[in-house]
Amino acid sequence: MEDPSPEQVSPILHALTEIGRANRPLRRLIKRQVLPPLGGEVMRLPEEGKSLRNRLVRLMTSSTGELGPLAAELLFMLCKENVTRLVKYSGYGNAAGLLARRGLLVGNPPRQDNSDSDSETEEYRQLERGVNPVTGRWEDTRPSPLEGLSDQQKEYEALQLVQLMHQLDRQGVIRPSRIGSDGRPAPVEHVLQLCEGVHTPRSESDSD
């Protein structure tokens with residue numbers, strides 16, 4: 001059996017979103033089917049698998065028509081438009097597009113939402129501390145790549161990164177941006193602008 005076409009899926013996603021927004025009991029019913037309590041599935045990426053959640057998360061980054069935004073809006077509605085809950089189910093990377101469109105990229109990193117404890121199993125609570133919020137997957141603790149480097153080595157690596165970003169920017173491969181006051185990405189003229197407003201602690205050798 002062939003997968004349904006975008007023309008078939010789009011109106012369904014839109015209808016489910018509007019129904020859920022208009023009717024709380026139906027929203028809860030849809031959520032039980034699409035976003036059941038999390039458990040051991042956090043051992044793999046949210047977009048990996050055959051569940052409805054997995055398929056919708058895959059659609060969030062789709063470049064086919066309006067599928068991506070529609071899938072993201074459906075999941076956001078089911079999470080009661082709570083950024084922390086959406087990130088828990090989809091990972092910050094997959095949710096970044098919706099958050100940028102809605103101007104929700106600004107602010108502190110999402111914190112644990114204790115009011116949504118019914119969406120977690122005991123297995124999830126045991127794994128939660130190891131879940132990477134960017135990928136939405138449990139990951140083993142890794143040593144910092146900067147561990148053991150001197151301040152001079154760290155500065156050298158930072159300059160190398162800036163040069164590479166500047167080269168990619170000039171080639172039109174990427175467009176460095178920072179979050180504006182409206183919570184949306186704002187392109188910068190030069191990658192060094194990304195450092196403006198960033199305060200780094202001075203080492204003892206820098207003091208008089």
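Predicted model: local features only at pLDDT ≥ 70, side-chain atom pairs only at ≥ 80, totals over all residues.

Me: How far apart are Arg 58 and Glu 48 in sequence and in space?

Reply: They are separated by 10 residues in sequence, and their C-alpha atoms are 7.9 Å apart.

Me: Is Arg 58 buried, partly exposed or exposed?

Reply: Buried means under 20% relative accessible area, and exposed means over 50%. Arg 58 has a relative accessible area of 36%, so it is partly exposed.

Me: Which residues of helix 3 are buried?

Reply: The buried residues in helix 3 are Arg 53, Asn 54, Leu 56, Val 57 and Met 60. The elements that cover them include helix 1, helix 2, helix 4, helix 5 and helix 6.

Me: How should I think about the interior of a protein in general?

Reply: In soluble globular proteins, nonpolar side chains tend to be buried together. In this model, the largest nonpolar core has 30 residues, and Leu 13 and Leu 75 touch the most other members. Two or more residues of this core come from each of helix 1, helix 2 (24–34), helix 3, helix 4, helix 5, helix 6 and helix 7 (122–127). Helix 4 provides the largest share, 9 residues.

Me: Which residues does Leu 13 touch?

Reply: Not counting residues up to four places away in sequence, Leu 13 touches Leu 56, Leu 59, Leu 67, Leu 70, Ala 71 and Leu 74. One of these, Leu 56, is also among the buried residues of helix 3.

Me: How does one describe the packing of two helices?

Reply: Two packed helices are described by the angle between their axes and the distance between the axes. Consider helix 5 and helix 6 (residues 92–101): their axes come within 8 Å and cross at roughly 135 degrees. An angle over 145 degrees would count as roughly antiparallel, and 65 to 115 degrees as roughly perpendicular. Helix 5 and helix 6 are therefore oblique to each other.

Me: Which residues meet where helix 5 and helix 6 are in contact?

Reply: From helix 5 there are Val 83, Leu 86, Val 87 and Ser 90, and they meet Tyr 92, Asn 94, Ala 95, Leu 98 and Leu 99 of helix 6. By class, this contact has 7 nonpolar residues, 2 polar residues and no charged residues.

Me: Let us turn to charged side chains. When does a pair count as a salt bridge, and how many are there?

Reply: The rule asks for a side-chain nitrogen of Lys or Arg within 4 Å of a carboxyl oxygen of Asp or Glu. By this rule, the count comes to 7 salt bridges. In one of them, Arg 21 is paired with Glu 18, and their closest N and O atoms are 3.3 Å apart.

Me: With which other residue does Arg 21 meet in a salt bridge?

Reply: The side chain of Arg 21 also meets that of Glu 81, at 3.9 Å from N to O. This pair links distant parts of the chain, 60 residues apart: Arg 21 is in helix 1, while Glu 81 is in the loop between helix 4 (67–78) and helix 5 (83–90). A network of salt bridges links Glu 18, Arg 21, Glu 73, Glu 81 and Arg 102.

Me: What should I notice about the backbone of Glu 81?

Reply: Its phi is near 55 degrees, a positive value in a residue other than glycine. Lys 80 also has a phi near 55 degrees, and Lys 80 lies in the loop between helix 4 and helix 5. At 48% relative accessibility, Lys 80 counts as partly exposed; Glu 81, at 40%, is partly exposed as well.

Me: Could you show me one further salt bridge, with the exposure of each partner?

Reply: Arg 137 forms a salt bridge with Glu 139, with 4.0 Å between the closest N and O atoms. Arg 137 is partly exposed at 26% relative accessibility, whereas Glu 139, at 19%, is buried.

Technical notes:
Residues numbered from 1 in each chain as written. Heavy atoms only, no water. Helix = DSSP H or I, 4+ residues; strand = E, 2+ residues; numbered from the N terminus. Buried < 20%, exposed > 50% of the residue type's maximum accessible area, 1.4 Å probe, protein only. Axes fitted to C-alpha atoms, helices over the stretch in contact; angles between N-to-C directions. Parallel < 35°, antiparallel > 145°, perpendicular 65-115°, else oblique. Contact = heavy atoms within 4.5 Å. Nonpolar A, V, L, I, M, F, W, Y, C, P; charged D, E, K, R; others polar. Core = buried A, V, L, I, M, F, W, Y, C linked by side-chain atoms within 4.5 Å.
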